[in-house]
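User: I would like to learn how to read packing and strand order in a model. Can we work through one case?

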Amino acid sequence: MSGIIARWKSRLPVGPRTPIVTLGEGATPLIRADRLAARAGLKSGQVFLKLEGCNPTGSFKDRGMTLAVSKALEEGARGVLCASTGNTSASAAAYAARAGLRCVVFLPKGKVAAGKLAQAVMHGAEIAEVKGNFDRALALAVEAARAKGWALVNSSNPHRLEGQKTAAFEIVEQLGRAPAAQFMPVGNAGNITAYWRGYRELGVRPRMFGWQAAGAAPLVRGRPVDDPKTLATAIRIGRPVSWEGAVAARDESGGAIGAVGDAQIVAAQRLLAREEGVFCEPASAAPAAGLLKLARGGRVPEGPIVLVLTGHGLKDPDAASRQRPRLRRVPARGGLRL
Ligand SMILES: *Cc1c(COP(=O)(O)O)cnc(C)c1O
(Lines give C-alpha, C1' and ligand atoms only; values in the text may rest on other atoms or scores of the structure.)
Protein backbone atom coordinates (compact mmCIF):
# COMPACT_ATOMS: atom_id res chain seq x y z
CA MET A 1 0.00 0.00 0.00
CA SER A 2 1.20 3.50 -0.71
CA GLY A 3 1.00 6.73 1.26
CA ILE A 4 3.05 8.21 4.09
CA ILE A 5 1.41 6.20 6.88
CA ALA A 6 2.22 2.85 5.28
CA ARG A 7 5.76 4.02 4.53
CA TRP A 8 6.63 5.61 7.89
CA LYS A 9 4.32 3.76 10.30
CA SER A 10 6.96 3.09 12.93
CA ARG A 11 7.62 6.83 13.26
CA LEU A 12 3.95 7.87 13.41
CA PRO A 13 1.29 7.67 16.14
CA VAL A 14 -0.73 4.86 14.54
CA GLY A 15 -1.66 1.44 15.83
CA PRO A 16 -3.01 -1.79 14.32
CA ARG A 17 -6.57 -0.52 14.72
CA THR A 18 -6.03 2.87 13.05
CA PRO A 19 -8.08 2.95 9.83
CA ILE A 20 -5.74 4.34 7.19
CA VAL A 21 -7.32 6.99 4.99
CA THR A 22 -4.92 7.57 2.11
CA LEU A 23 -4.84 8.94 -1.41
CA GLY A 24 -1.25 7.84 -2.02
CA GLU A 25 0.36 11.06 -0.73
CA GLY A 26 4.10 11.57 -0.25
CA ALA A 27 7.03 10.13 -2.20
CA THR A 28 7.17 13.39 -4.15
CA PRO A 29 10.05 14.11 -6.54
CA LEU A 30 13.27 15.85 -5.52
CA ILE A 31 14.81 17.32 -8.67
CA ARG A 32 17.93 19.34 -9.47
CA ALA A 33 17.53 22.99 -10.39
CA ASP A 34 20.75 23.83 -12.19
CA ARG A 35 19.53 26.94 -13.96
CA LEU A 36 18.25 28.43 -10.72
CA ALA A 37 21.57 27.47 -9.11
CA ALA A 38 23.45 29.30 -11.87
CA ARG A 39 21.30 32.41 -11.35
CA ALA A 40 22.24 32.32 -7.68
CA GLY A 41 25.92 31.95 -8.56
CA LEU A 42 26.02 28.33 -7.37
CA LYS A 43 27.36 25.14 -8.90
CA SER A 44 25.28 22.60 -10.82
CA GLY A 45 23.89 20.00 -8.45
CA GLN A 46 23.76 22.30 -5.43
CA VAL A 47 20.09 23.34 -5.57
CA PHE A 48 17.15 20.92 -5.42
CA LEU A 49 13.38 21.36 -5.60
CA LYS A 50 11.04 19.19 -3.51
CA LEU A 51 7.86 19.10 -5.56
CA GLU A 52 5.10 18.98 -2.97
CA GLY A 53 2.61 20.11 -5.59
CA CYS A 54 2.74 16.48 -6.79
CA ASN A 55 0.70 15.34 -3.78
CA PRO A 56 -2.86 14.11 -4.52
CA THR A 57 -4.61 17.45 -3.94
CA GLY A 58 -1.68 19.51 -5.15
CA SER A 59 -0.06 20.62 -1.89
CA PHE A 60 1.95 19.29 1.07
CA LYS A 61 -1.16 19.57 3.25
CA ASP A 62 -2.02 15.97 2.23
CA ARG A 63 0.83 14.58 4.35
CA GLY A 64 -0.73 15.89 7.52
CA MET A 65 -4.30 15.36 6.41
CA THR A 66 -3.98 11.61 5.81
CA LEU A 67 -2.96 11.22 9.46
CA ALA A 68 -5.37 13.80 10.94
CA VAL A 69 -8.38 12.26 9.15
CA SER A 70 -7.30 8.68 9.93
CA LYS A 71 -7.06 9.59 13.63
CA ALA A 72 -10.41 11.45 13.52
CA LEU A 73 -12.00 8.28 12.17
CA GLU A 74 -10.26 6.11 14.76
CA GLU A 75 -11.50 8.41 17.52
CA GLY A 76 -15.08 8.23 16.25
CA ALA A 77 -15.50 11.82 15.05
CA ARG A 78 -18.52 12.36 12.78
CA GLY A 79 -16.92 15.14 10.82
CA VAL A 80 -13.92 17.39 10.39
CA LEU A 81 -13.61 21.17 10.40
CA CYS A 82 -10.95 23.64 9.40
CA ALA A 83 -10.21 27.25 8.67
CA SER A 84 -8.10 27.73 5.63
CA THR A 85 -6.41 30.04 3.17
CA GLY A 86 -7.32 27.31 0.66
CA ASN A 87 -5.04 24.29 0.54
CA THR A 88 -6.01 22.92 3.94
CA SER A 89 -9.66 23.02 2.94
CA ALA A 90 -8.97 21.32 -0.40
CA SER A 91 -7.05 18.57 1.35
CA ALA A 92 -9.51 18.19 4.25
CA ALA A 93 -12.41 17.98 1.79
CA ALA A 94 -10.72 15.24 -0.24
CA TYR A 95 -9.65 13.10 2.73
CA ALA A 96 -13.02 13.54 4.46
CA ALA A 97 -14.74 12.39 1.26
CA ARG A 98 -12.42 9.39 1.18
CA ALA A 99 -13.25 8.59 4.82
CA GLY A 100 -16.99 9.15 4.44
CA LEU A 101 -16.98 12.01 6.96
CA ARG A 102 -18.65 15.38 6.78
CA CYS A 103 -16.37 18.36 6.26
CA VAL A 104 -16.99 22.02 7.01
CA VAL A 105 -14.47 24.64 5.91
CA PHE A 106 -14.28 28.27 7.05
CA LEU A 107 -12.81 30.42 4.32
CA PRO A 108 -11.93 34.12 4.47
CA LYS A 109 -14.20 35.88 1.97
CA GLY A 110 -12.60 36.70 -1.36
CA LYS A 111 -9.12 35.58 -0.27
CA VAL A 112 -9.05 32.00 -1.54
CA ALA A 113 -7.50 31.04 -4.88
CA ALA A 114 -9.97 29.68 -7.44
CA GLY A 115 -8.45 26.20 -7.83
CA LYS A 116 -8.55 25.54 -4.10
CA LEU A 117 -12.15 26.63 -3.75
CA ALA A 118 -13.09 24.44 -6.73
CA GLN A 119 -11.58 21.44 -4.97
CA ALA A 120 -13.47 22.01 -1.71
CA VAL A 121 -16.73 22.41 -3.64
CA MET A 122 -16.12 19.39 -5.84
CA HIS A 123 -15.32 17.13 -2.88
CA GLY A 124 -18.58 18.14 -1.25
CA ALA A 125 -17.31 20.19 1.69
CA GLU A 126 -19.80 22.52 3.36
CA ILE A 127 -18.39 25.99 2.93
CA ALA A 128 -18.74 28.80 5.44
CA GLU A 129 -17.55 32.11 4.05
CA VAL A 130 -16.17 34.34 6.80
CA LYS A 131 -16.22 38.12 6.59
CA GLY A 132 -12.73 38.59 7.89
CA ASN A 133 -9.22 37.22 7.46
CA PHE A 134 -7.79 33.76 8.21
CA ASP A 135 -7.27 34.51 11.88
CA ARG A 136 -10.98 35.24 12.32
CA ALA A 137 -11.94 32.12 10.33
CA LEU A 138 -9.75 30.02 12.64
CA ALA A 139 -11.42 31.39 15.76
CA LEU A 140 -14.81 30.39 14.33
CA ALA A 141 -13.60 26.90 13.37
CA VAL A 142 -12.20 26.30 16.86
CA GLU A 143 -15.52 27.32 18.38
CA ALA A 144 -17.55 25.09 16.04
CA ALA A 145 -15.27 22.09 16.60
CA ARG A 146 -15.71 22.42 20.35
CA ALA A 147 -19.49 22.75 20.06
CA LYS A 148 -19.92 19.74 17.73
CA GLY A 149 -17.17 17.48 19.03
CA TRP A 150 -15.74 17.18 15.54
CA ALA A 151 -12.05 17.01 14.75
CA LEU A 152 -10.34 20.32 14.00
CA VAL A 153 -7.82 19.55 11.26
CA ASN A 154 -5.92 22.82 11.25
CA SER A 155 -2.19 22.65 11.90
CA SER A 156 -2.90 23.08 15.61
CA ASN A 157 -3.99 19.42 15.32
CA PRO A 158 -0.82 17.56 16.42
CA HIS A 159 -1.36 14.79 13.84
CA ARG A 160 -0.95 17.28 11.01
CA LEU A 161 2.64 18.12 11.96
CA GLU A 162 3.45 14.45 12.59
CA GLY A 163 2.38 13.61 9.04
CA GLN A 164 4.17 16.59 7.55
CA LYS A 165 7.52 15.69 9.15
CA THR A 166 7.75 12.71 6.76
CA ALA A 167 8.87 15.07 3.99
CA ALA A 168 12.14 15.56 5.88
CA PHE A 169 12.64 11.77 5.97
CA GLU A 170 12.11 11.61 2.20
CA ILE A 171 14.57 14.40 1.46
CA VAL A 172 17.35 12.72 3.44
CA GLU A 173 16.58 9.43 1.70
CA GLN A 174 16.50 11.02 -1.76
CA LEU A 175 19.67 13.08 -1.32
CA GLY A 176 21.47 10.27 0.45
CA ARG A 177 22.37 12.80 3.16
CA ALA A 178 20.88 15.78 4.93
CA PRO A 179 20.87 19.04 2.98
CA ALA A 180 23.09 21.82 4.31
CA ALA A 181 20.13 24.17 4.21
CA GLN A 182 16.43 24.11 3.48
CA PHE A 183 14.42 27.04 2.14
CA MET A 184 10.62 27.08 2.53
CA PRO A 185 7.65 29.46 2.70
CA VAL A 186 6.23 30.25 6.13
CA GLY A 187 2.61 31.14 6.87
CA ASN A 188 1.21 29.58 10.02
CA ALA A 189 4.67 28.01 10.48
CA GLY A 190 3.38 24.48 11.00
CA ASN A 191 5.40 23.11 8.13
CA ILE A 192 8.77 24.55 9.19
CA THR A 193 8.07 23.20 12.68
CA ALA A 194 7.24 19.77 11.23
CA TYR A 195 10.33 19.59 8.99
CA TRP A 196 12.59 20.57 11.88
CA ARG A 197 11.02 17.83 14.01
CA GLY A 198 11.58 15.30 11.22
CA TYR A 199 15.22 16.27 10.79
CA ARG A 200 15.79 16.23 14.55
CA GLU A 201 14.35 12.71 14.76
CA LEU A 202 16.96 11.62 12.22
CA GLY A 203 19.68 13.41 14.19
CA VAL A 204 20.53 15.86 11.38
CA ARG A 205 20.52 19.67 11.45
CA PRO A 206 20.15 21.45 8.14
CA ARG A 207 19.95 25.22 8.50
CA MET A 208 16.29 26.20 8.19
CA PHE A 209 15.50 29.31 6.15
CA GLY A 210 11.86 30.39 6.25
CA TRP A 211 10.46 32.99 3.86
CA GLN A 212 7.48 35.24 4.42
CA ALA A 213 5.89 37.80 2.11
CA ALA A 214 6.94 41.34 2.98
CA GLY A 215 3.31 42.40 3.59
CA ALA A 216 2.70 39.42 5.88
CA ALA A 217 5.93 38.97 7.81
CA PRO A 218 5.11 38.79 11.53
CA LEU A 219 8.07 36.52 12.29
CA VAL A 220 10.49 38.91 10.63
CA ARG A 221 9.05 41.93 12.42
CA GLY A 222 8.78 40.09 15.72
CA ARG A 223 5.12 40.97 16.23
CA PRO A 224 1.71 40.03 14.75
CA VAL A 225 0.47 41.80 11.61
CA ASP A 226 -3.19 42.80 11.83
CA ASP A 227 -3.90 43.22 8.13
CA PRO A 228 -1.55 40.88 6.24
CA LYS A 229 -1.26 41.65 2.52
CA THR A 230 0.28 39.57 -0.28
CA LEU A 231 -0.82 37.93 -3.51
CA ALA A 232 0.65 34.70 -2.11
CA THR A 233 -2.63 33.79 -0.39
CA ALA A 234 -1.25 30.58 1.19
CA ILE A 235 1.05 32.67 3.39
CA ARG A 236 -1.25 35.63 4.01
CA ILE A 237 -1.10 35.07 7.78
CA GLY A 238 -0.69 37.71 10.46
CA ARG A 239 -0.63 35.57 13.61
CA PRO A 240 1.20 32.30 12.94
CA VAL A 241 -0.21 29.42 14.99
CA SER A 242 3.21 27.76 15.34
CA TRP A 243 5.17 30.93 16.13
CA GLU A 244 7.40 29.26 18.76
CA GLY A 245 8.06 26.27 16.52
CA ALA A 246 9.33 28.52 13.74
CA VAL A 247 11.58 30.49 16.07
CA ALA A 248 12.98 27.25 17.53
CA ALA A 249 13.65 25.81 14.06
CA ARG A 250 15.41 29.02 13.04
CA ASP A 251 17.53 29.39 16.17
CA GLU A 252 18.38 25.75 16.85
CA SER A 253 19.44 25.21 13.24
CA GLY A 254 21.37 28.47 12.79
CA GLY A 255 18.98 29.53 10.04
CA ALA A 256 16.94 32.66 9.41
CA ILE A 257 13.47 33.91 8.58
CA GLY A 258 13.38 36.61 5.94
CA ALA A 259 10.91 38.50 3.80
CA VAL A 260 10.53 38.86 0.04
CA GLY A 261 8.27 41.28 -1.82
CA ASP A 262 5.39 40.23 -4.04
CA ALA A 263 7.26 41.39 -7.14
CA GLN A 264 10.20 39.15 -6.22
CA ILE A 265 7.81 36.25 -5.58
CA VAL A 266 6.16 36.65 -8.99
CA ALA A 267 9.54 36.93 -10.72
CA ALA A 268 10.76 33.76 -9.00
CA GLN A 269 7.53 31.92 -9.87
CA ARG A 270 8.06 32.82 -13.52
CA LEU A 271 11.70 31.82 -13.45
CA LEU A 272 10.89 28.39 -12.00
CA ALA A 273 8.21 27.89 -14.66
CA ARG A 274 10.26 29.10 -17.62
CA GLU A 275 13.72 27.86 -16.75
CA GLU A 276 13.06 24.77 -14.65
CA GLY A 277 9.71 23.62 -16.07
CA VAL A 278 8.08 23.72 -12.65
CA PHE A 279 4.83 25.63 -12.17
CA CYS A 280 4.21 26.32 -8.49
CA GLU A 281 1.79 28.65 -6.77
CA PRO A 282 3.03 32.09 -5.66
CA ALA A 283 3.69 31.17 -1.99
CA SER A 284 5.84 28.25 -3.14
CA ALA A 285 8.09 30.58 -5.12
CA ALA A 286 9.01 32.59 -2.00
CA PRO A 287 12.00 30.34 -1.15
CA ALA A 288 13.40 30.76 -4.68
CA ALA A 289 12.96 34.53 -4.33
CA GLY A 290 14.74 34.23 -0.98
CA LEU A 291 17.64 32.30 -2.50
CA LEU A 292 18.12 34.97 -5.16
CA LYS A 293 17.92 37.66 -2.49
CA LEU A 294 20.65 36.02 -0.39
CA ALA A 295 22.71 35.51 -3.56
CA ARG A 296 22.55 39.27 -4.30
CA GLY A 297 24.03 39.87 -0.87
CA GLY A 298 26.60 37.09 -1.31
CA ARG A 299 25.18 35.22 1.69
CA VAL A 300 24.11 31.84 0.30
CA PRO A 301 24.97 28.89 2.56
CA GLU A 302 27.42 26.30 1.24
CA GLY A 303 26.46 22.72 0.38
CA PRO A 304 23.25 21.23 -0.99
CA ILE A 305 20.16 23.43 -0.62
CA VAL A 306 16.61 22.09 -0.86
CA LEU A 307 13.76 24.43 -1.78
CA VAL A 308 10.33 23.15 -0.75
CA LEU A 309 7.78 23.98 -3.45
CA THR A 310 4.68 23.60 -1.33
CA GLY A 311 1.84 23.79 -3.86
CA HIS A 312 1.01 23.44 -7.55
CA GLY A 313 0.66 26.44 -9.85
CA LEU A 314 -2.77 25.36 -11.10
CA LYS A 315 -4.11 26.09 -7.62
CA ASP A 316 -4.08 29.79 -8.40
CA PRO A 317 -4.83 30.34 -12.08
CA ASP A 318 -5.63 34.02 -11.51
CA ALA A 319 -2.12 34.76 -10.27
CA ALA A 320 -0.78 33.28 -13.50
CA SER A 321 -3.25 34.97 -15.84
CA ARG A 322 -2.22 38.38 -14.53
CA GLN A 323 0.84 37.83 -16.70
CA ARG A 324 -0.41 38.85 -20.14
CA PRO A 325 0.54 36.21 -22.68
CA ARG A 326 1.61 37.47 -26.10
CA LEU A 327 -0.97 35.81 -28.34
CA ARG A 328 -0.43 35.50 -32.05
CA ARG A 329 -3.46 35.27 -34.28
CA VAL A 330 -3.41 32.66 -36.97
CA PRO A 331 -6.09 32.57 -39.73
CA ALA A 332 -7.81 29.19 -40.07
CA ARG A 333 -6.06 28.48 -43.37
CA GLY A 334 -2.88 30.33 -42.56
CA GLY A 335 0.44 29.19 -41.15
CA LEU A 336 2.63 30.58 -38.42
CA ARG A 337 6.17 31.71 -39.02
CA LEU A 338 8.26 31.02 -35.94
C1 LIG B 1 -0.13 26.01 3.85
C2 LIG B 1 0.80 26.47 2.83
C3 LIG B 1 1.97 27.18 3.14
C4 LIG B 1 2.31 27.62 4.52
O5 LIG B 1 2.57 26.56 5.40
P6 LIG B 1 2.54 26.80 6.98
O7 LIG B 1 2.65 25.48 7.58
O8 LIG B 1 1.23 27.48 7.26
O9 LIG B 1 3.68 27.72 7.30
C10 LIG B 1 2.84 27.50 2.13
N11 LIG B 1 2.57 27.17 0.85
C12 LIG B 1 1.46 26.50 0.51
C13 LIG B 1 1.22 26.18 -0.92
C14 LIG B 1 0.54 26.13 1.48
O15 LIG B 1 -0.56 25.48 1.12
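User: Which residues does Leu49 touch, not counting residues up to four places away in sequence?

Analyst: This is a predicted model. With those sequence neighbours left out, Leu49 touches Pro29, Leu30, Ile31, Ala33, Leu36, Leu272, Glu276, Val278, Leu307 and Leu309.

User: Which residues touch the most other members of the largest nonpolar core?

Analyst: Leu49 is one of them, together with Leu36, Phe183, Leu291 and Leu307, in a core of 35 residues. At least two residues of this core come from each of helix H2 (34-39), strands S2 (47-51), S7 (181-185), S8 (207-213) and S10 (305-309), and helices H12 (262-275) and H13 (282-296). H13 gives the most, with eight residues. Another core lies apart from this one; it has 23 residues, including Cys82, Ala92, Ala96 and Val153.

User: Now the sheet. What is the order of the strands in the open sheet of four?

Analyst: The order is S5-S4-S3-S6, and the pairing is parallel. S5 (126-130) and S6 (151-152) each have a single partner strand, so they form the edges and one side of each has no neighbour in the sheet.

User: Over how many bridges do S3 and S6 pair?

Analyst: S3 (residues 79-83) pairs with S6 over two bridges, in the parallel sense. Leu81 has Leu152 of S6 as its bridge partner.

User: Which strands does helix H4 touch where it packs on the sheet?

Analyst: H4 (residues 87-99) touches S3 and S4 (102-108). The directions of H4 and S4 make an angle of about 170 degrees.

Technical notes. Residues are numbered from 1 along each chain as its sequence is written. This is a predicted model: local features need pLDDT of at least 70, side-chain atom pairs count only at pLDDT 80 or more; totals for chains, interfaces and linings use all residues. Side-chain values use heavy atoms; hydrogens and water are left out. Two strands pair if DSSP finds at least two bridges between them. Contact means heavy atoms within 4.5 Å. Axes are lines fitted to C-alpha atoms, for helices over the stretch in contact, and angles run from 0 to 180 degrees between N-to-C directions. A nonpolar core is a set of buried Ala, Val, Leu, Ile, Met, Phe, Trp, Tyr and Cys residues joined through side-chain atoms within 4.5 Å. Buried means under 20% relative accessible area, exposed over 50%, partly exposed in between (1.4 Å probe, protein chains only).
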